[in-house]
Amino acid sequence: MTTTPTKPEPLPPPPAPSTLDTVTGAGTSLLRSLAMPALAFVTALIIGAFIIALSNVDLLPQLFSDPGSTLAAMGREVWTAYRALARGAVGSVYAISETLFATTPLILASLGVAIGFRAGLFNIGAQGQMLVGGMCTAWVGIYANLPGPLHVIVALLAGVVGGMVWGGIPGLLKARTGAHEVITTIMFNFIALYLVQWLLSIPLFQEAGRNNPVSEPLRPSAHLPSLFGSSYRVTIGILIAVAAVFAVRWLLFQSSLGFEFRVLGLNPEAGRYAGMSVGGLMTLALALAGGLAGIAGANQIMGLAPFKATTSLAGSVGFDAITVALLGRSHPVGVLWAALLFGALKAGGREMQGAAQIPLDLVVVLQALIVVFVAAPALVRAIYRMKGVAERPTQLTKGWGA
Amino acid sequence: MGLRFAPRALSLDPMCNQTVEDLLRSRMKLVAMAGALLLVLAACGGDDDDTATTLDGGAGTTAAPTDTTEPMVDTTEAMVDTTAAAPGTTTASGDMTPVAACLVTDLAGVDDRSFNAAAWQGVQDAVAAGAVAADPILLESDDATDYQPNIDQCLAQGAEHIVTVGFELGEATATNAAANPEVNFTIVDFGYDPDIANVRELVYQTDEAAFAAGYLAAGVSQTGIIGTYGGLNIPTVSIFMDGLARGVAHYNETNGTDVAVVGWDVEAQDGSFTGTFDPGDPAVRSLCESILDEGADIMLPVGGAINLPCGTAIQDRGLDAALIGVDQDAFDAMPTEFQDLWLVTIEKGIAIQVMRSLQDHATGAWTPGGVVGTLANEAVGLSEYHAWADRVPDDLAAAVDQILADITAGTIDASNVPVG
């Protein structure tokens, strides 16, 4: 993570408010920053095509006896699969709704992870923060008797508060005792899981007549309004998520707090020398990260029938968020695109599974391959023989020794 | 919504574990990035068109509960013959119009070696029997937000019959069944009250087989003490324990012995429960050990893999004791290091009931409502004795077979044999 620019920036410096922006990569040209993920995506699709072709057990034995028609059949299969993937992701209003639906919590949770990365903190706790935020939302959504819009706002804020507390505690532990946030946030995921499991089994939350951990449904006034009408699942949650993207961009690159976060990420000693409260910043960064994940958790209850909290409300979003944040290079706008890509893969993967009978696992593999290539830019550069414009360093996190 | 949450023995255990497994599995995705290619080959190679073979070999979910090693085609034929006798079915054979079928798993996925695998096996068997059109659709649910779109996807692909697996899909199934009255649904391990006009619910009278297992256990026990414990005191778990206790009582009655059951009181309907279906929970092993301490040498732990810590305890202590498996033939389904321990498994035939539901649809004999799996319709049964075959005396084996036959014929009412 400590590569230094070997060549001077060939483009004129963008009109950034602070010179540090050029150092953190916030101001690098959009085209260049998109090129690498795009090439990674294309490369992953190409490898995926080989996988689809070779995974057809029926065709393999004929490959050598009748290569022509076998290859044609394999090509058709790849075409069917990718066409289904595209159709399921963007091919209809329903598909777009599903893509946006899957994207919403990913954006929110990934923004939280990205703030952590910028501040040099590896936040693996989005999962737990979603769960705790979601439970706070459920509590308000079930018990508060408020008119529609107010109820939605209060329930979302409850999610924020729950997530902030759950994110802030590991931050405080790190600030006060030096406990590494990788360890504590992972452990807090488990604490959150079993806490939620317990909460969902006491009468306060558990739905009457149920033995398994499921909450009462939220009051209708706490449901997120749907965006394209009730037959589509996407809600105004996506608008909240996009608003959060711009809020976080402002926070990180235009506010003095964001500046301090980035200094903390790049060089905490310098920050301390400049009079910043390093411990306070760590706590705040993780609390904000938790708050964003908390909204993601709230969204999974308020925006999804049957509007009940369960122990699986976070799904795998909290962990996918790490991948998305990495793919988005910890930049809010990058996170937006990366989350859209993952949301599209999720929605499209379903169609691929249904129409082309390609296992959903392939989508996970595509995601993994994309990340491998994004994480190894040298590899992509080598594949495409790109002339070595050195990447500007993007601070992700300090290592274990931080 | 008036949902009745009775059948849960199978559905609960993965559910509780899933939350943890899900966390772990998701984290695996990060790990997988390193070895993406390997993962691909494994995942795709197994899951593609080749699923039937994979499941047949791996899961031991073959339908006929009494003989799981039989080749698939044979059991399929056997099942066609027995269809006529099954409740909720009227005719077998005859004209079948292959149905476009689609199966939605719960979070455990199709390779769970448990009820998802078994249900998919049932769909495959139905294809082999000509009841389901080629290339049925399989949709795995990655998280709870997938249930609805997976069912949507089934409908979009023109499915005429949708099989939903497990308790967690109960609500999504009910909603979609109401919205799509022209499509038939079969749900595994879930009951509705009242029934829904286009949903068949698969539930199981497992105490019939548990009764015979209790008789068998009493016959082979050297200490004269049979132990049992469950995950939670819910009907689909306790029905196994009830059957076991009544079977032991029947053995005592028949043979003038005094074999005791520790861990379940039929009168009080209460007993020993771990409170969890997570085999990693230390409470599971300590509960097993406390029952072993009371002298039990045959144990029936009810609930997914909560029998494994007990197996480890038996091995660590070097006891000459045995376990009774549940749901799927444990000899095949569970890790091989425990193979010596399985006396027998009380099997729940999910594949066969799924297959029958599809077959009934194909023949036009399909009816909605709860369908109870029993010994008589071969949806419940005992496995082979495997490693214990040499230690079960012939006359005892014959007596157990006779009991199974008597229950099937209705001369023994396993659910009402008195105890004590």
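**Close-up views of a predicted model**

**View 1. Cys102(B) and Cys154(B) form a left-handed disulfide, because the torsion about their S-S bond is about -65°.** The model shown here and in the other views is predicted. The two sulfur atoms lie 1.9 Å apart. This pair links distant parts of the chain, 52 residues apart. Cys102(B) belongs to strand S2 (residues 101-104) of chain B, and Cys154(B) to helix H6 (residues 147-156) of chain B. Cys102(B) counts as buried because its relative accessibility is 1%. Cys154(B), at 0% relative accessibility, is buried as well.

**View 2. A disulfide joins Cys288(B) and Cys310(B).** The sulfur atoms of Cys288(B) and Cys310(B) are 2.0 Å apart. Cys288(B) is in helix H10 (residues 282-293) of chain B and Cys310(B) in helix H11 (residues 308-317) of chain B, so the bond ties together parts that are 22 residues apart in sequence. The angle about the S-S bond is 65°, and the link is right-handed. Cys288(B) has a relative accessible area of 0% and is therefore buried. Cys310(B) is also buried, at 0% relative accessibility. Over all chains, a search of the whole structure finds 2 disulfides. With bonded cysteines counted along the chain, the disulfides of chain B follow the pattern 1-2, 3-4.

**View 3. The peptide bond from Ala305(A) to Pro306(A) is cis.** Omega for this bond is near 5°. Pro306(A) sits in the loop between helix H11 (278-302) and helix H12 (317-327) of chain A.

**View 4. The peptide bond from Asp193(B) to Pro194(B) is cis.** Here omega is near 0°. The loop that holds Pro194(B) runs between strand S6 (191-192) and strand S7 (199-204) of chain B.

**View 5. Gln269(B) is not a glycine, yet has a positive phi.** Its phi is about 55°. Gln269(B) is located in the loop between strand S10 (264-265) and strand S11 (270-271) of chain B. Is Gln269(B) buried or partly exposed? Its relative accessibility is 35%, so Gln269(B) counts as partly exposed.

**View 6. Asp327(B), a residue other than glycine, has a positive phi.** The value of phi is near 75°. Asp327(B) is part of strand S13 (residues 322-327) of chain B. With a relative accessible area of 7%, Asp327(B) is buried.

**View 7. Helix H4 (residues 93-118) and helix H13 (residues 332-356) of chain A cross at roughly 140°.** The crossing of H4(A) with H13(A) is right-handed. On the H4(A) side, the residues in contact include Ala95(A), Thr99(A), Leu106(A), Ile107(A) and Ala114(A). On the H13(A) side, Val335(A), Leu336(A), Ala339(A), Phe342(A), Gly343(A) and Arg350(A) are among them. Sorted by class, this contact has 15 nonpolar, 4 polar and 3 charged residues.

**View 8. Cys136(A) is partly exposed.** The relative accessible area of Cys136(A) is 26%.

Conventions: Residues numbered from 1 in each chain as written. Chains lettered and ligands numbered in written order. Predicted model: local features only at pLDDT ≥ 70, side-chain atom pairs only at ≥ 80, totals over all residues. Heavy atoms only, no water. Disulfide = S-S within 2.5 Å. Helix = DSSP H or I, 4+ residues; strand = E, 2+ residues; numbered from the N terminus. Buried < 20%, exposed > 50% of the residue type's maximum accessible area, 1.4 Å probe, protein only. Axes fitted to C-alpha atoms, helices over the stretch in contact; angles between N-to-C directions. Left-handed = near helix turned anticlockwise from the far one by under 90°. Contact = heavy atoms within 4.5 Å. Nonpolar A, V, L, I, M, F, W, Y, C, P; charged D, E, K, R; others polar.
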